[in-house]
Amino acid sequence: MKKILLGLTLVFALSSSAFAANTETEPNDTIATADTLEVNSSISGTADNNDDDVFVFVANQTGKMRTNLTNKNQSVAPYVVWTSDLTTSLAESTGEAEFDVVAGETYYIKLISFGNSDYTLSLNNL
């Protein structure tokens, strides 16, 4: 009986961690401290007044990608998707944006806050 309970506990613990949401960590307000955002996933965060949150991702295929930002108090906007050299903006949006990427290239997403809000940012291949 103890082995069965231990086994069930282990299965539950492993399955729970597989479904845990990604959460941004502070500081992540510069390119050097950017949080990693995996392709085909989402990350939740909290923005403070005048807070920038920066995320980095590597495109896993060449083609179009989509980002989507939802925020509780509508005070995280806009966000910008940058190329790795930080000279070219691929998209600017307050909600959903589509843009082209090249497999293996690094990109950054910068969220700019003008108030306090909880948000979720998703990144998906199209």
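Which residues does I109 touch, not counting residues up to four places away in sequence? They are L37, D53, V54, F55, F57, T67, Y79, V80, V81 and L121, where contact means heavy atoms within 4.5 Å. The model is predicted, so local features need pLDDT of at least 70 and side-chain atom pairs count only at pLDDT 80 or more, while totals for chains, interfaces and linings use all residues. Residues are numbered from 1 along each chain as its sequence is written, and side-chain values use heavy atoms, with hydrogens and water left out.

**View 1. The largest nonpolar core has 22 residues.** A nonpolar core is a set of buried Ala, Val, Leu, Ile, Met, Phe, Trp, Tyr and Cys residues joined through side-chain atoms within 4.5 Å. Buried means under 20% relative accessible area, exposed over 50%, and partly exposed in between (1.4 Å probe, protein chains only). The members that touch the most other members are F55, F57, F99, I109, L111 and L121. At least two residues of this core come from each of β3 (41-47), β4 (52-58), β5 (63-71), β6 (76-83), β8 (96-101), β9 (106-113) and β10 (117-125). Strands (E, at least two residues) are DSSP runs, numbered from the N terminus.

**View 2. Ring pairs link F57, F99 and Y107 into a cluster.** Rings of Phe, Tyr and Trp (its six-membered ring) pair if their centres lie within 6.5 Å; planes under 30 degrees apart count as stacked, over 60 as edge-to-face and the rest as tilted. The count by this rule is two aromatic pairs. In one, the rings of F57 and F99 have centres 6.4 Å apart and planes at 50°, so this pair is tilted. F57 lies in strand β4 and F99 in strand β8, so the pair ties together parts that are 42 residues apart in sequence. F57 and F99 are both buried. The rings of F57 and Y107 have centres 5.4 Å apart and planes at 25°, so this pair is stacked. Y107 lies in strand β9 and F57 in strand β4, so here the parts tied together are 50 residues apart in sequence. Both F57 and Y107 are buried.

**View 3. F114 lies in the loop between β9 and β10.** Not counting residues up to four places away in sequence, F114 touches N49, N50, Q74, S75, V76 and A77. From C-alpha to C-alpha, F114 and D52 are 9.2 Å apart in space, and they are 62 residues apart in sequence.

**View 4. N71 is found in strand β5.** The relative accessible area of N71 is 7%, so this residue is buried. Its contacts, leaving aside neighbours within four places in sequence, are V76, S117, D118 and Y119.

Technical notes:
Helices (H or I, at least four residues) and strands (E, at least two) are DSSP runs, numbered from the N terminus.
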